[in-house]
Amino acid sequence: MNRIVIICCMVFITSLHAQTFTEQDTLRGSITPERAWWDLNYYHLNIEVKPDEKLISGSNTIRYKVLTEAQVLQVDLQPPLQIKKVTQDGIELDIEHNGNAHFIKLKKQQKPGDFNEVVVYYSGHPKEAVRAPWDGGFSWNKDANGKDFIATSCQGLGASVWWPNKDHMYDEVDSMLISVKVPKGLMDVSNGRLRSIDKKTNTYHWFVSNPINNYGVNVNIGDYVHFGEKYKGEKGMLDMDYYVLRDNLEKAKIQFKQAPLMMEAFEHWFGPYPFYEDSYKLVEVPYLGMEHQSSVTYGNKYKNGYLGRDLSQSGWGLKFDYILIHESGHEWFANNITYKDIADMWVHESFTTYSENLYVDYHFGKEAASEYVIGMRSNIKNDRPIIGTYDVNKSGSGDMYFKGANIIHTLRQLVDNDEKWRAILRGLNKEFYHKTVTTAEIEQFIATKMGKDLGPFFDQYLRTTKVPLLSYKVEGNTLTYRYENTVEEFEMPVRIFIEGKAIWITPKKDWQNLSEKGDLNTLKIDPNFYIDTKKQ
């Protein structure tokens, strides 16, 4: 169990400036005493969405296992939504409201080992997304035919922006039923499998049989049409279903041919798709897209690249649909392996951005993949560390995407054995299957499998903005070299080439010499390592 944070206000010093965090930040981002004593077991989110009023209303049944005795339970819901009442065994309970956090005072004795339920009734006008998915909430849009086209997105902001839940990532619910009533002529697509449709009320019931993180839960409403296929994967036949706007069906049938190509590449590198029981879906939405579990959302306008652009400027980024590939990669890194604290969001984004590289590797070759990931470096800012601030819902630098991918690509070079590297990636998804993790656990797993002390490596790349500088000079047949701009004890090996021959050197803070018979003027430093170089 993560450490419990009960302080009300904290001040942290970042590398750039002092930042003050509030009581609300702590209530949102830490495992409070009112969260720690109970373990999520099941949700039934049962809501009605009224587009004309931009209104949602309904309830969430929260089933939990009692771990230790306590009588106050924290549920999260963000204004302007309001909790109308909370009941347990039909008895209405008192609630103490504190901003986004709501403390429910239970009357029934909570005995360790028992499974109990509370039902939270709520309604209101949820926050509208300004720039989804980065500034999330509800997106209320219309399609080209004037029909409602609606979706949710809430990573970082928190799932409590639209539904009441235990809004901390450390505790995933084991299974979930999502019931959504929508106007006639529209359908809802949510996570998991469609269990039934109440045609009288036009209510769609979706069931998720695997653990799911709270921000991965979604509602997508529109005039959808469906097509699909079956994919023969590592765990048998996988249902792959696609829900798109009626006018986009023919475009989708062409563009989504990349979906089985994605599945083939990622099952090769990462292991079996983690949610066979819940199927795989692509769902068109009015924003760019996001990694909602078994309900991956798509809004890349049926173009390759990132809205038609190659973020790597290598040419390879136009060989695939960025959103389809990237957001699907999150099924392994985000939905299967999930951070406990958003400070460790790099675990999601670095590995998933690197998954694009592995897709290119699988289908176009290793050289193409290297060109792609190296080309991403022009987007790196090195503005602040990749790891954020713990216990206050604060992620690190956006460099977790492009820098993060290059960090992992550098690790691949240090392994220097692609089958062993593949085993590490598959091992991560097996070891942490359907689990929440910390950076420390990921670091330790990789270090153990590589048989190396990677502490200074991760400190350098994740916890500072410093890029190691390999400084060197050539005098006759002698190469002199060292690292600058590094943390203590950073001694990462690097591959160099002299007359085309690969040679490994291990620079340190102090100058070292290498004597070679070959022509040192042919020296090339392998660009696959994320370092800067300077010839003296």
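The model is predicted, with local features requiring pLDDT of at least 70 and side-chain atom pairs counted only at pLDDT 80 or more, while totals for chains, interfaces and linings use all residues. Residues are numbered from 1 along each chain as its sequence is written, and side-chain values use heavy atoms, leaving out hydrogens and water.

User: Why is G396 called buried?

Analyst: Buried means under 20% relative accessible area, exposed over 50%, and partly exposed in between (1.4 Å probe, protein chains only). G396 has a relative accessible area of 5% and is therefore buried. G396 lies in the loop between helix 7 and helix 8; helices (H or I, at least four residues) and strands (E, at least two) are DSSP runs numbered from the N terminus.

User: Which residues does G396 contact, leaving aside neighbours within four places in sequence?

Analyst: With contact meaning heavy atoms within 4.5 Å, G396 meets R384, P385, I386, I387 and G388.

User: What makes Y433 partly exposed?

Analyst: The relative accessible area of Y433 is 33%, so Y433 is classed as partly exposed. Y433 belongs to the loop between helix 9 (418-431) and strand 24 (435-437). Not counting residues up to four places away in sequence, Y433 touches K235, P274 and N336.

User: Why is the pair formed by helix 4 and helix 5 called oblique?

Analyst: Angles under 35 degrees count as roughly parallel, over 145 as roughly antiparallel, 65 to 115 as roughly perpendicular, and the rest as oblique. The axes of helix 4 (residues 258-270) and helix 5 (residues 322-329) cross at roughly 40 degrees and come within 10 Å. Axes are lines fitted to C-alpha atoms, for helices over the stretch in contact, and angles run from 0 to 180 degrees between N-to-C directions. Helix 4 and helix 5 are therefore oblique to each other. The contact is made by Q258, A259, M262 and F266 of helix 4 with L324, I325, S328 and G329 of helix 5.

User: How is the contact of helix 4 with helix 5 divided by class?

Analyst: Ala, Val, Leu, Ile, Met, Phe, Trp, Tyr, Cys and Pro count as nonpolar, Asp, Glu, Lys and Arg as charged, and the others, Gly among them, as polar. The contact of helix 4 with helix 5 has five nonpolar, three polar and no charged residues.

User: What makes helix 7 and helix 8 oblique to each other?

Analyst: Helix 7 and helix 8 pack at an angle of about 140 degrees, with their axes 10 Å apart. Helix 7 and helix 8 are therefore oblique. In this pair, K366, S370, V373 and I374 of helix 7 meet A405, N406, H409 and R412 of helix 8. The residues of this contact divide into three nonpolar, three polar and two charged.

User: Is D391 buried or exposed?

Analyst: D391 has a relative accessible area of 7%, so D391 is buried. D391 is found in the loop between helix 7 and helix 8.
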